[in-house]
Amino acid sequence: MRICIVTGLLIPALAFAETATNNPCPTLVSAAFTTDVEDREPVSSLATAPLSANELLFFTAIQGGNGQQLHHTWSYNGDAIVDVTLAVGSDYWRTWSSKTFAGLDLAVGGQWQVQVSTQSGCQLGTWTLTLSEDGAASQMAPAHATPPPPSGHAEPESADPSPVDLSKHYDVIRQLLDLGDTRAAKVAIRRARQLTDNPQQQSALDSLATNNEAFAQLERMIRQRDIHGARELMQTLEISISPDSPVYPALQSRQRLLERLEGDDRNEPIFQSASSP
C-alpha cells in the first residue's frame, strides 16, 4: 500500500516536469545585420561594415515563439560584449537589438558576432559581420525572405497592445539630454521603441525623437556661439515642447546658459564701443 501511494504521487509529478520543459523551439524566419529598421523591416543585410560606422543593429523575425524570451548575444572577436533579452509577444514576431561602437577598441578585420538563442536553451544560429576600411561595405541576401504573418495571427501593431512601463527609460533619456548627449539619447529612444507596440507610446516616442533632433540643433548653435539663432530656436521649442517631455528640463538649463552667454556678449569691448554715444 505504501508503494502504491508513492507511485501515485510520482506519476503526476513526472508528467508536470515533462510539460514544464516541453517548450518547442521557435522557427527563425530571417536574421540580418543592418544599419536601420524601417516599418519593422531591416533596410539592409550586411556582411561587412566600415570601421567608421557608429552603430549596428541585428534584426530577427521568428515564428512560433509567443511568450518566450529571445537572446541576442553580441561578441567581438569571440569576446562576449552584451546579452540583449527581447520578449516575444506573438506567434510571428519581429524584433532587433543594437550596439554602438563608442568607446570600443575596434580595428579593420575585426568581427562582430551575434548568437541568437531562447531562454529555454534553443540555439537558433550565429551570424558574423567583418569590419572594413571606411567606404567599403557589402550586402548579403537574407537566407530567408520574411513572409507575411500566418493566417489567424494578427501582427503586433494591429492588436492594440497595452502600454508598458517605460519610466526608467525616460529617466535615462532625461539624464542624457541634461548632459547634452543627444546621440546616446537617440539610441535610448530607439531601444524604448523596441519594448512597446502600443500606438500611443510609439507616437509619444516619435515626438520625443523629433524633439531630440531639435535639441541637438540647439546644442550645435550654442557651441558655435550663434546666440541669435539659438535664441530664436529656443523660443520655438519652449512653445512646441511639453513640460512633461524629457527634453524640457534640459531646455530650461540651456535657457539659463543662453542668458549668461548673452550677458558675456554685452560685456565684450566691441559691444561697449558700438553702444557708446
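**Entry 1: T128**

I started at T128, which lies in strand β10. I note here that the model is predicted. I looked up the exposure of T128: its relative accessible area is 37%, so T128 counts as partly exposed. I then listed its contacts, leaving aside neighbours within four places in sequence, and found F33, A47, Q111, W112 and Q113.

**Entry 2: the disulfide**

I looked for disulfides and found one in the structure. It joins C25 to C122, with 2.0 Å between the sulfur atoms. The pair links distant parts of the chain, 97 residues apart. I placed C25 in the loop between α1 (2-21) and β1 (27-34), and C122 in the loop between β9 (111-118) and β10 (123-132).

Are the two cysteines buried or exposed? C25 has 48% relative accessibility and therefore counts as partly exposed. C122 has a relative accessible area of 6%, so I put it down as buried.

**Entry 3: helix α3**

I checked the length of α3, residues 182-194. Its 13 residues should span 18 Å at 1.5 Å a residue, and I found the end C-alpha atoms 19 Å apart, which agrees. The buried residues I noted in α3 are T182, A185, V187, A188, I189, R190, A192 and Q194. What covers these buried residues? I found that the cover includes β5 (55-63), β7 (79-87), β8 (92-100), α2 (167-178) and α4.

I took α5, residues 227-240, next. It has 14 residues and reaches 20 Å from first C-alpha to last, close to the 20 Å expected at 1.5 Å a residue. Within α5 I recorded I227, G229, A230, R231, L233, M234 and L237 as buried.

I then looked at how α5 packs with α4 (residues 199-223). The angle is about 155 degrees and the axes are 9 Å apart. Angles over 145 degrees count as roughly antiparallel, so I describe α4 as roughly antiparallel to α5. The crossing of α4 past α5 is left-handed. On the α4 side I listed A214, Q217, L218, M221 and I222 as making the contact; on the α5 side, G229, A230, L233, M234 and L237.

Conventions. Residues numbered from 1 in each chain as written. Predicted model: local features only at pLDDT ≥ 70, side-chain atom pairs only at ≥ 80, totals over all residues. Heavy atoms only, no water. Helix = DSSP H or I, 4+ residues; strand = E, 2+ residues; numbered from the N terminus. Expected span 1.5 Å × (residues − 1). Buried < 20%, exposed > 50% of the residue type's maximum accessible area, 1.4 Å probe, protein only. Disulfide = S-S within 2.5 Å. Axes fitted to C-alpha atoms, helices over the stretch in contact; angles between N-to-C directions. Parallel < 35°, antiparallel > 145°, perpendicular 65-115°, else oblique. Left-handed = near helix turned anticlockwise from the far one by under 90°. Contact = heavy atoms within 4.5 Å.
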